[in-house]
Amino acid sequence: MSPGLLLPEIIVFTGGLAVLLGGSFLPRQRQWIARAAAALALLGAATAAAVAMAGPAQSAFAGTFAVDTATGAARVIATLATLLILGVASGELKDSPRESDTYALLLFATAGVMVLAGITDLLVLIVGFLLASIPLYGIIGLTGGRLGAEAAVKTYLMGALSGILLMLGVTVLYALAGGTDYALLREALPTAPDAAVGTGILGVLAGLLFKAGGVPMHFWVPDAAQGSGVTAATFLTTVPKVGALVAVYRLVATVSAEEHSWLLVAALLATASMFLGNLAAYWQTDPRRLLGWSTVAQVGFLLVPVAAAGRSDLALPSLLFYLAAYAVTNVAAFAVTAALPEHRTLAEYRGLARSRPGLGLTVLVALLGLVGTPPLAIFVGKLTTATAAWDGGHGWLALVVVVNSVISLFYYLRWFAPVFARPDSQAAEFPGRGGMAAWPAVTAAVAATASLALGVLAGVLWAALDGPGIL
């Protein structure tokens, strides 16, 4: 069984149990102990995952879970991104009645995301999907008040529909292949009826795209990003994508071994997510809803290397690098909104750079990073994913990446233009550097710095990601 191969997942899940039980006995003023325990669990898991990446690729639990470069990278990205999100939560949830409960749910959901990234069996994929989804509903509901409850219901309904489609797809593929192991699917599906194979794979993709927040299962993302607390919004737009998109890559790489039409399906889904997310974001005035639509568009960019799976050596490393770059950049943008919780329109950010220069600079770095401006990390991600698409025979998709990057610049300009504008007499006042907003402001600065560092040191990280790939 080799349970030691799942040490990072075990650490995170056990940490969640410890935080959940221990937090019940802590007074409200000492919930920081639960936060510290959660941070230690995440750091321990990230360390264990990094050590495992140095070893050879292996499989665990009768070949249902792969410990390879993709799994290791997803583990490190998910745990460190959740660690940054704890900094956002420190400002929003400090001394709240549900503080330790939320930390525990964050750890449980992160464990599910890590499991999702390494799965190579459809039945276990269902388990990973549920483990990553169920805590997410609780996080959204606990942190958002009345609007959070509405967002939780929408997310739950979309999640239930996606879960049904996922299980339907698994059932169909099991009937066709006589098993659920990915190696068996690779052998059996090329000779199965095309219509039945399409039904099964589309069902599984629907479930995974719900977790990623991509078209056509994206409807819940903007509402949840706007209506839930900023901790939940940051988490749901960042961490679940890591496991879901690695799982999508594994599935598409498996079923496209002989039949490359699924690469075209991935390219079309990428195109739809990019255009819909970017065009819908243009009209938003709430910064969190804007970032919600932005994350739909980013899923499109992240699906681009999936369309080159098996055809380009750049496909998997570019996906993993883009996931890391997106995680820190998106956390930086949301952390800024957490530092200014009362500023819920773009116009209210007018004059921020003059009142809070550091926070204004962080906004600039985060938004230019999401556009894909050099030398920030997402620029390297977009460049390498577009190159992978070109190598994979989808030159038109590389052009779509460029076009959508230009489109996205215009709605991000609607945010950072008022940030650097001269404040007027009716401009909202910005809180000082102390108080509950201090942790989110520091988190935003750390995440923005990480985005810049990843871009400058891209070659070092690329060497670590350009390993054996996937089993």
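Val-403 is found in helix H18, which covers residues 395-419, where helices (H or I, at least four residues) and strands (E, at least two) are DSSP runs numbered from the N terminus. The model is a predicted one, in which local features need pLDDT of at least 70, side-chain atom pairs count only at pLDDT 80 or more, and totals for chains, interfaces and linings use all residues. Residues are numbered from 1 along each chain as its sequence is written, and side-chain values use heavy atoms, with hydrogens and water left out.

Val-403 counts as partly exposed because its relative accessibility is 35%; buried means under 20% relative accessible area, exposed over 50%, and partly exposed in between (1.4 Å probe, protein chains only). Val-403 belongs to a nonpolar surface patch, together with Tyr-282, Trp-283, Leu-399, Val-402, Val-406, Leu-409, Phe-410 and Leu-413, and the accessible area of these residues together is about 850 Å².

Helix H16 (residues 357-371) has 15 residues and reaches 21 Å from its first C-alpha to its last, which is close to the 21 Å expected at 1.5 Å a residue, the expected span being 1.5 Å times one less than the number of residues. Buried residues of H16 include Leu-359, Gly-360, Thr-362, Val-363 and Ala-366, and also Leu-367, Gly-369, Leu-370 and Val-371. Among the elements that cover these buried residues are helix H13 (287-303), helix H14 (315-339), helix H17 (377-391) and H18, where contact means heavy atoms within 4.5 Å. Just after H16, Gly-372 takes a positive phi of about 100°.

Most residues other than glycine have a negative phi, and most peptide bonds are trans.

| Peptide bond | Omega |
|---|---|
| Val-215 to Pro-216, cis | about 10° |
| Pro-374 to Pro-375, cis | near 5° |

Pro-216 is found in the loop between helix H8 (194-212) and helix H9 (220-227), whereas Pro-375 lies in the loop between H16 and H17.

The backbone also has positive phi values in residues other than glycine, namely near 55° at Phe-61 and near 60° at Ala-62. Phe-61 is placed in the loop between strand S1 (58-60) and strand S2 (65-67), and Ala-62 likewise has its place in the loop between S1 and S2. Phe-61 has a relative accessible area of 28%, so this residue is partly exposed, while Ala-62 counts as exposed because its relative accessibility is 80%.

Terms used
Patches are made of residues with over 30% relative accessible area and no salt bridge: like charges are joined within 9 Å, nonpolar side chains (Val, Leu, Ile, Met, Phe, Trp, Tyr) within 5 Å. Accessible areas come from the Shrake-Rupley method with a 1.4 Å probe; for residues, only the protein chains shown count as cover. A salt bridge is a side-chain nitrogen of Lys or Arg within 4 Å of a carboxyl oxygen of Asp or Glu.
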